Amino acid sequence: MKAKISFIIYGAIAGVITILGFILWMAIAGEDQDLNMKYGELIGYTFMLLALSTVFFALRSFRDKNDGVLSFKEGFFNGMIIVLVASIIYVVGWMIYYPNFMPDFVDQYTQGQIAQLEAQGLSEEELKTKVDEMKAFQELYEQPLVMAGFTFMEIFPVGLIVTLISSLILKRKRN
């Protein structure tokens, strides 16, 4: 039980790092839509990877305290505890931050995407179709469960990959 609590703590640390990452980035980028559109995704996923590196360190610590033994299954299961906790904290953080501090984020993002599409030289019909799709997504994203689902799917796959790699690297059988 004590080990499971430590994985929850590692997950909480990872979740807090991701939240602080997007708050820090928003403070740096501010109203600069070009900067945000160019580097926001890269910065966001970099913070996620940094935060989710806690999976590796938690599993290594667990293995070292367990006479150097860690099965892939144990590593994967415990890593997923960390990822789930971090993902939930990330979603809750975004659900609080977005409407209170960035209510126009989706509008800005959509405008940036439209500018990129216009620069690609799409026909008017293709551009209109893409813009209509984006506007439909905007309406959908305003629904809290949909927003939570999309936000969860930003971080969870990254955590899954980190957990798989960490579990494979750190697995060690008893001699």
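Student: A patch is a set of residues with over 30% relative accessible area and no salt bridge, in which like charges are joined within 9 Å and nonpolar side chains (Val, Leu, Ile, Met, Phe, Trp, Tyr) within 5 Å. Which residues make the nonpolar surface patch here?

Tutor: L84, I88, V92 and I96 make a nonpolar surface patch of about 350 Å². Accessible areas follow the Shrake-Rupley method with a 1.4 Å probe, with only the protein chains shown as cover for residues, and a salt bridge is a side-chain nitrogen of Lys or Arg within 4 Å of a carboxyl oxygen of Asp or Glu. The model is predicted: local features need pLDDT of at least 70 and side-chain atom pairs pLDDT 80 or more, while totals for chains, interfaces and linings use all residues. Residues are numbered from 1 along each chain as its sequence is written, and side-chain values use heavy atoms, without hydrogens and water.

Student: Where is V92 found?

Tutor: V92 is in helix α3 (helices are DSSP runs of H or I with at least four residues, numbered from the N terminus). V92 counts as partly exposed because its relative accessible area is 43%; buried means under 20%, exposed over 50%, and partly exposed in between.

Student: What about T54, buried or exposed?

Tutor: T54, in helix α2, is buried, because its relative accessibility is 9%. Leaving aside neighbours within four places in sequence, T54 contacts Y10, I13, A14 and I82, where contact means heavy atoms within 4.5 Å.

Student: Which residues does Y98 contact beyond its neighbours within four places in sequence?

Tutor: Y98 touches P103, F105, V106, Y141, E142 and M147.

Student: Which residues of α4 are buried?

Tutor: They are F105, V106, Q108, T110, G112, I114 and L117. α4 (residues 105–119) reaches 21 Å between its first and last C-alpha, close to the 21 Å expected, that is, 1.5 Å times one less than its number of residues. G121, with a positive phi near 75°, follows α4.

Student: What is the phi of D67?

Tutor: D67, which is not glycine, has a positive phi near 55°. Most residues other than glycine have a negative phi. D67 lies in the loop between α2 (33–65) and α3 (72–101) and counts as exposed because its relative accessibility is 67%.

Notes. Helix = DSSP H or I, 4+ residues; strand = E, 2+ residues; numbered from the N terminus. Buried < 20%, exposed > 50% of the residue type's maximum accessible area, 1.4 Å probe, protein only.
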